[in-house]
Amino acid sequence: MGKLSEIVIDTPDVVGLSAFYRDLAGFEVVRTDDDWITTKTPEGWKVAFQLAPGLVAPRWPDPAYPQQMHLDLVVTDLPAAVEKAEKLGATRLPGGGETFTVFADPSGHPFCLCQRDGVDGVGLADLMIDSPDGATLARFYAELLGMKTTYEGPEGAMISAEGQPAVCFQNVGSYTAPQWPDPAYPQQYHLDVEVADADEAERQVLALGATRLPGGGEDFRVFADPVGHPFCLVW
């Protein structure tokens with residue numbers, strides 16, 4: 001149906017947050033507008049930063065102010081990466097363990113640094129999406145993104161495909177859905193999905209359980225997935 005074009009993160013400071021991930025993980029700026037900065041990871045995947053002046057930041061692990069999604073970054077030297085993240089302005093959060101540490105970035109979005117041997121620098125392992133039922137949501141996105149389910153277990157599910165970052169779905173018992181465009185229940189992140197035929201792709205995503213949302217433009221349409229996360233079809 002489509003292919004993941006970019007992961008988009010809301011922030012009140014597109015310049016500052018893109019610079020944070022540039023310095024931490026090598027995200028290279030490839031496009032700059034007044035309200036949008038697109039970066040490319042060392043693997044070649046796009047992560048964009050969208051201006052959201054009134055963003056209500058996550059307060060993880062408070063379910064009333066949920067993260068909605070987070071990035072998992074992999075490193076060979078976890079202690080050194082933790083020290084670097086703190087120097088760049090990240091904040092340690094509760095949780096973590098021997099092989100991973102949980103942070104909030106300067107805009108409040110949680111992310112994890114995870115130990116993985118053999119990594120050159122810092123790598124983007126996956127995008128993690130919160131859901132009340134990870135396995136069911138994984139099947140929706142597998143159809144949408146042309147991926148396959150490569151893991152399913154008690155904590156959630158994962159889909160993957162060659163040339164795209166893995167997308168994981170984390171079971172959250174006290175899940176609070178976005179209610180976009182209501183700023184009191186923000187999206188935090190969204191996905192842009194590139195399609196060849198917008199009308200046919202819309203028909204298919206609606207049949208899968210997506211909902212059309214207000215907004216959109218000449219080259220994009222806005223939807224919510226079956227648990228409320230906004231995403232855009234772009235062409």
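**Close-up 1. Helices α1 and α2 cross with right-handed geometry.** The model shown is predicted. By residue class, the contact of α1 with α2 has 4 nonpolar, no polar and 2 charged residues. From α1 come Phe20, Asp23 and Leu24; they meet Ala81, Lys84 and Ala85 of α2. Helix α1 covers residues 14–25, and helix α2 covers residues 78–87. Their axes come within 10 Å and cross at roughly 155°. Angles over 145 degrees count as roughly antiparallel. Helices α1 and α2 are therefore roughly antiparallel to each other.

**Close-up 2. An open sheet of 8 strands includes β1 and β4.** The strand order is β2-β3-β4-β1-β13-β16-β15-β14, and the pairing is mixed. Strands β2 (28–33) and β14 (211–212) stand at the edges. Each has a single partner strand, so one side of each is left without a neighbour in the sheet. Inside this view, β1 (residues 3–11) and β4 (residues 46–51) run parallel. The two strands are joined by 5 bridges. Ile9 has Phe49 of β4 as its bridge partner.

**Close-up 3. Helices α3 and α4 lie across strands of this sheet.** Helix α3 spans residues 134–145. It lies across β1, β13 (189–194) and β16 (230–234). Its direction is at about 15° to β16. Helix α4 spans residues 198–208. It lies across β14, β15 (220–224) and β16. Its direction is at about 0° to β15.

Close-up 4. Which residues does Glu143 contact, leaving aside its neighbours within four places in sequence? They are Met1 and Leu208. Glu143 and Val205 are 62 residues apart in sequence. In space, their C-alpha atoms are 8.8 Å apart.

**Close-up 5. Another open sheet has 8 strands, β5 and β8 among them.** The order runs β6-β7-β8-β5-β9-β12-β11-β10, with mixed pairing. Strands β6 (91–92) and β10 (148–153) are at the edges, and each pairs on one side only. Strand β5 (residues 69–75) and strand β8 (residues 110–115) run parallel. Between β5 and β8 there are 5 bridges. Leu71 stands opposite Phe111 of β8.

How values were computed: Residues are numbered from 1 along each chain as its sequence is written. This is a predicted model: local features need pLDDT of at least 70, side-chain atom pairs count only at pLDDT 80 or more; totals for chains, interfaces and linings use all residues. Side-chain values use heavy atoms; hydrogens and water are left out. Two strands pair if DSSP finds at least two bridges between them. Helices (H or I, at least four residues) and strands (E, at least two) are DSSP runs, numbered from the N terminus. Contact means heavy atoms within 4.5 Å. Axes are lines fitted to C-alpha atoms, for helices over the stretch in contact, and angles run from 0 to 180 degrees between N-to-C directions. Angles under 35 degrees count as roughly parallel, over 145 as roughly antiparallel, 65 to 115 as roughly perpendicular and the rest as oblique. A crossing is left-handed if the near helix is turned anticlockwise from the far one by less than a right angle, and right-handed if clockwise. Ala, Val, Leu, Ile, Met, Phe, Trp, Tyr, Cys and Pro count as nonpolar, Asp, Glu, Lys and Arg as charged, and the others, Gly among them, as polar.
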